[in-house]
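Dear colleague,

Please find below the structure that I am handing over to you, together with its sequence.

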Amino acid sequence: MKRGAFLEHVAWTGAGIAYAVTAGGVFEGKALAAEGKAPSALDHIEFVQISDSHIGFHQAANTDVAATLKASIDAINALPRQPSFVVHTGDVTHLAKPEQFTAAKDLLSTLKAPLVVLPGEHDMIGSQKRFFDVFPPEHGRDGWRSWDDRGVHYIVLVNVFDFEKMGLLGGPQLAWLERDLSTQRSTTPLVVFTHVPLYALYPKWGWTTEDGVKALAMLQRFERVTVLNGHIHQVVRHQEGNIVFASANATAYPQPAPGTAPKPGPLTLPHDALLRAIGYRTVELQEDGRAVIGDSTLA
Amino acid sequence: MYQMILAVLLAAAPSTPAPVAISNFQFRPATLKIVAGQTVRFVNRDGEAHTVTATDRSFDSGGLDSGDSWTHRFTRPGRYAYICALHPFMRGTIIVLPKRRS
């Protein structure tokens, strides 16, 4: 389905669309809540992804980013069954100011489900300490980590540490990833979270991870890999072999589609169009490890 | 005596900051020549946040929101490369010349 058609469909249903990746790598959309029947995807939501809240942003593209984050949180809290966790894939704040972190944490702490937070480059401005003071990683001091939950191996990668080369994983993190994956069977479904896209989505705007190919090479032997990221403030799906990529909408404001504007940056839309371009993502994991991704908007 | 007065005058001269505009994801001018002791004023004229961050970390504006400005005084002669830490493809250079050529 083309992006234009996708947006149109979301506008029409006002609810969202669940996507499944078929064997041929084609995404099939189905409208949620169509015909008054509860969609099966909502019965087995494993986790929810939100991203790019940019607390502290106050331009025309969204004059109340706290309100749209809160609306996303309220929608997640109202899900019929709470997910195992909610992951925020970075840019929690706009300028990494202490009061922005405080406001963001206050809002995020109202989530019913446990929270996993990755830093984005906006959260790293000036210092990497502030983010980790507010959102200390559960294991290790580096920010990257992994855990197992119901047969799925989850991995958090941080590709915003190097302010000169973004995204970049760096040697120590790649070495850790290699060790981490060495103990996993290739049949184990993997779900990987990053902030900046791990593949070369649009390098001209910095929407790539310079050494991402090294990580992807390690992931190739696994049968089911889902890589979810933020940073680009829009839903973009992609597949390479067994690896499925999906960039998420922001909770704050959209950015232009790659190549449709001279530069990236906040895209100002009429208010109703803004609400159709931001929101949250539900992910259902089928028994075979296949991820069914549903992007819901605030419209 | 005359030299001394000149030196005092130069040191005390409240030189106007040299401007660098940040607009359309570019530092303008991308290369700026100043004299040691001079101040540079960076103004973010974009709708997006940016930073002015030296690649050697010798200075860092922190986050500059739309409309924010930041001034920095360059005291040591040299060539200072800087980027926007949010958009590292944005690059600029400040060339600081010695006050007096020998």
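The notes below set out what was found, element by element.

Please bear in mind that this is a predicted model.

Chain A as a whole

Chain A contains seven helices and 13 strands. Of its 299 residues, 48% count as buried. Among the contacts in chain A with a separation of 6 or more, 66% are accounted for by residues 24 or more positions apart.

Helix 3 of chain A

Helix 3 of chain A spans residues 98-108, and its buried residues are Gln100(A), Phe101(A), Ala104(A), Leu107(A) and Leu108(A). Viewed down the axis of helix 3 of chain A, these buried residues fall within an arc of 130°, so they line one face of the helix. The face turned away from that buried side carries the exposed residues Pro98(A), Glu99(A) and Asp106(A). The cover over the buried residues of helix 3 of chain A includes helix 2 (65-77), helix 4 (129-134), strand 4 (85-88) and strand 5 (115-117) of chain A.

Helices 5 and 6 of chain A

Two packed helices are described by the angle between their axes and the distance between the axes. For helix 5 (residues 171-182) and helix 6 (residues 212-219) of chain A, the angle is about 5° and the axes are 10 Å apart. An angle under 35 degrees counts as roughly parallel, and helix 5 and helix 6 of chain A are therefore roughly parallel to each other. Helix 5 of chain A contributes Leu174(A), Leu177(A), Glu178(A) and Leu181(A) to the contact, while helix 6 of chain A contributes Lys214(A), Ala215(A) and Met218(A). By class, this contact has five nonpolar and two charged residues, with no polar ones.

Strand 8 of chain B

Strand 3 (residues 31-35) of chain B runs parallel to strand 8 of chain B and is joined to it by five bridges; Lys33(B) has Ile95(B) as its bridge partner. Strand 7 (residues 78-83) of chain B runs antiparallel to strand 8 of chain B, with six bridges between them, and Tyr82(B) stands opposite Gly92(B).

Contact between the chains

The contact takes 17 residues from chain A and 20 residues from chain B. The side of chain B that touches chain A has seven nonpolar, nine polar and four charged residues.

With kind regards

Notes:
Residues are numbered from 1 along each chain as its sequence is written. Chains are lettered from A and ligands numbered from 1 in the order in which they are written. This is a predicted model: local features need pLDDT of at least 70, side-chain atom pairs count only at pLDDT 80 or more; totals for chains, interfaces and linings use all residues. A residue is buried if 20 or more other C-beta atoms lie within 10 Å of its own, exposed if 12 or fewer, and partly exposed in between; C-beta atoms are placed from the backbone. Helices (H or I, at least four residues) and strands (E, at least two) are DSSP runs, numbered from the N terminus. The arc is that of the directions from the helix axis to the C-beta atoms. Two residues are in contact if their C-beta atoms, placed from the backbone, lie within 7 Å. Ala, Val, Leu, Ile, Met, Phe, Trp, Tyr, Cys and Pro count as nonpolar, Asp, Glu, Lys and Arg as charged, and the others, Gly among them, as polar. Two strands pair if DSSP finds at least two bridges between them. Axes are lines fitted to C-alpha atoms, for helices over the stretch in contact, and angles run from 0 to 180 degrees between N-to-C directions. Angles under 35 degrees count as roughly parallel, over 145 as roughly antiparallel, 65 to 115 as roughly perpendicular and the rest as oblique.
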